[in-house]
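Colleague: I am new to this entry and would like to go through it slowly, one feature at a time. Could you show it to me first?

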Amino acid sequence: MGCKGNNENCNGKRKRWIPDAYVIIFIVIVLAAIATWIIPAGEFERTQVGGRTVVVPGTFHYVEKNPIGPWEMFLSIVKGLNEAAPIIFFIFIIGGLIGVVEATGALTAGLSAAALKMKGKETLFIPALMILFGLGGSVFGMAEETLAFVPLMIGLAVAMGYDRVVGISISFLGAATGFAGAFMNPFTIGVAQTIAELPLFSGMQFRIVVWLVFMAITIHHVLSYASKVKRNPEASIVADIPYEEIEVPQNMEGVKLTSNQKLALLAFMGTFVVLIFGVLKYGWYINELSALFIISAIVIGLVARMEPNEIVRQFIKGAASLTYGALIVGFGRTIAVILRDGKILDTIVYALSQPLSGLPHGLIGVGMFFVQTLINFLICSGSGQAVATMPIMVPLSDVVGITRQVAVLAFQFGDGITNIIYPTCGVVMATISMAKIPYDRWLRYAVPLVIKLSIAAIILIYIAVVINLGPF
């Protein structure tokens, strides 16, 4: 017998309905269209500086209204998809590359082999593996991929005298923290900097410091809890909840990377070395990176001895897996299209600039961070939030006198940190569900970490404002 409906479970009880991110964005699109009929139209004067379009502060003035009707609203969705096409295809290509890498088994085998080598080495086990997952979150936006490691991490953690909270912290919190403090995540930094017309992955030196600070805070948080559980198993927040302990999967014992997998992993890591060199030396942007990722997918497939047709199948499969995240970029862009075409984008920027301008200069970026944190509850998609908010935050940063790089940093922190606890973020709910950890228990454990990371974020944003983090 199946369940009676989408909002009713098999026991006849109503389930809590959480709207999909697309539903939320469509509601915002409708509200944006309605707002063009209500909010006075206005514009700033703009000028070209160094090849980019910037707002001229103090030039805001009201203009004739241009309200968006129902037909124009749906046309705006098509416009949004068209305008975001370079980013959408960039995301598809990244997905294709990851699909080929995952098909070789190199990434999973490499992480699994590293995990098993750490068995019995408690002092290195947690920080070493968290750093690996943190690099995954920072470099290629590792998120849903951590779900595959939940059984293995729990099995290893329990075997070492910890609990399943420590197990999922290693993979999930490691990747989530790396994502929040990323120094070159193409899904967040790449998209946001593209919209802000910043050089791709600029400010990397500062972000590496951010990544180190965030990882140190999270590793300390996990180690403190782990040592407490090791001393007293009853201190575990899930000590009273029965759970069938997971053994290390038998097929993972003695796992070894094949020669082909080693070559594939080396080629994958080499891709990011070339990426960094190309970005820093030649100013590569989305087109060049897309070409690099296509070449990398072919090379990785060939060194792993995959048939050409298989490379294509896995590339398409990987690209298809990111359809949700790629298309949400276009739908999110629609919001900016409506606000712009309805001539109320600048009015909103002007209204937001008034209270922010009253803040001490160093706290303006902090105010942006809190705004992005609130928005993240509704749009828990890094690329989706970037295209929905950066068109507002970029001119706002011009008006209030902080760099666009700071605006991107505030977005990055606001989007990433609360991914650890927000129920609207699918990965956290799937992870704790697999580990049989009640949401309220997870909050008890994770909220203090979110607070620590948020305090660090505030300090780092303040420093970024003071040093005028750029290039602009």
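Predicted model: local features only at pLDDT ≥ 70, side-chain atom pairs only at ≥ 80, totals over all residues.

Colleague: Which residues does Gln412 touch, not counting residues up to four places away in sequence?
Modeller: Contact here means heavy atoms within 4.5 Å. With residues up to four places away in sequence not counted, Gln412 touches Ala180, Gly181, Ala182, Ile189 and Arg207.

Colleague: Where does Ile417 lie, and what is its relative accessible area?
Modeller: Ile417 lies in the loop between α17 (404-416) and α18 (426-434). Not counting residues up to four places away in sequence, Ile417 touches several residues, among them Phe214, Phe369 and Leu453. Ile417 is buried, and its relative accessible area is 1%.

Colleague: What separates the C-alpha atoms of Ile417 and Thr373?
Modeller: Thr373 is found in helix α15 (residues 364-378) and, at 13% relative accessibility, counts as buried. Leaving aside its neighbours within four places in sequence, Thr373 is in contact with Gly414, Thr418 and Tyr422. Along the chain, Thr373 and Ile417 are 44 residues apart, while their C-alpha atoms are separated by 8.1 Å.

Colleague: How do helix α2 and helix α3 pack, and at what angle?
Modeller: Helix α2 (residues 70-83) and helix α3 (residues 85-104) have their axes 5 Å apart, an axis being a line fitted to C-alpha atoms, for helices over the stretch in contact, with angles running from 0 to 180 degrees between N-to-C directions. Angles under 35 degrees count as roughly parallel, over 145 as roughly antiparallel, 65 to 115 as roughly perpendicular and the rest as oblique. The two helices, α2 and α3, are therefore oblique to each other, and the angle at which they pack is about 60°.

Colleague: How many aromatic pairs does a search of the whole structure find?
Modeller: Rings of Phe, Tyr and Trp (its six-membered ring) pair if their centres lie within 6.5 Å, and planes under 30 degrees apart count as stacked, over 60 as edge-to-face and the rest as tilted. On that basis, the number of aromatic pairs found in the whole structure is 20.

Colleague: How many residues apart in sequence are the parts that Tyr22 and Phe331 tie together?
Modeller: Tyr22 and Phe331 form an edge-to-face aromatic pair, 5.4 Å centre to centre and with 75° between the planes. Phe331 counts as partly exposed, at 24% relative accessibility. Tyr22 lies in helix α1 (residues 21-38) and Phe331 in helix α13 (residues 323-341), so the parts that the pair ties together are apart in sequence by 309 residues.

Colleague: What angle lies between the planes of Phe268 and Phe272?
Modeller: Phe268 and Phe272 are 4 residues apart in helix α10 (residues 259-282), which means that about one helical turn separates them. Phe268 counts as buried at 5% relative accessibility, and Phe272 is buried too, with a relative accessible area of 11%. Their aromatic pair is edge-to-face, 5.2 Å centre to centre, and the angle between the planes is 90°.

Colleague: Which residue has its charged end over the ring of Tyr162?
Modeller: A charge sits over a ring if NZ of Lys or CZ of Arg is within 6 Å of the ring centre and within 35 degrees of the ring normal. Here the charged end is 5.0 Å from the centre of the Tyr162 ring, and it belongs to Lys230.

Colleague: What is the omega of the cis peptide bond that joins Gly470 and Pro471?
Modeller: Most residues other than glycine have a negative phi, and most peptide bonds are trans. Pro471 is found in the segment after α19 (439-466). The bond joining Gly470 and Pro471 is cis, with an omega of about 25°.

Terms used. Residues numbered from 1 in each chain as written. Heavy atoms only, no water. Buried < 20%, exposed > 50% of the residue type's maximum accessible area, 1.4 Å probe, protein only.
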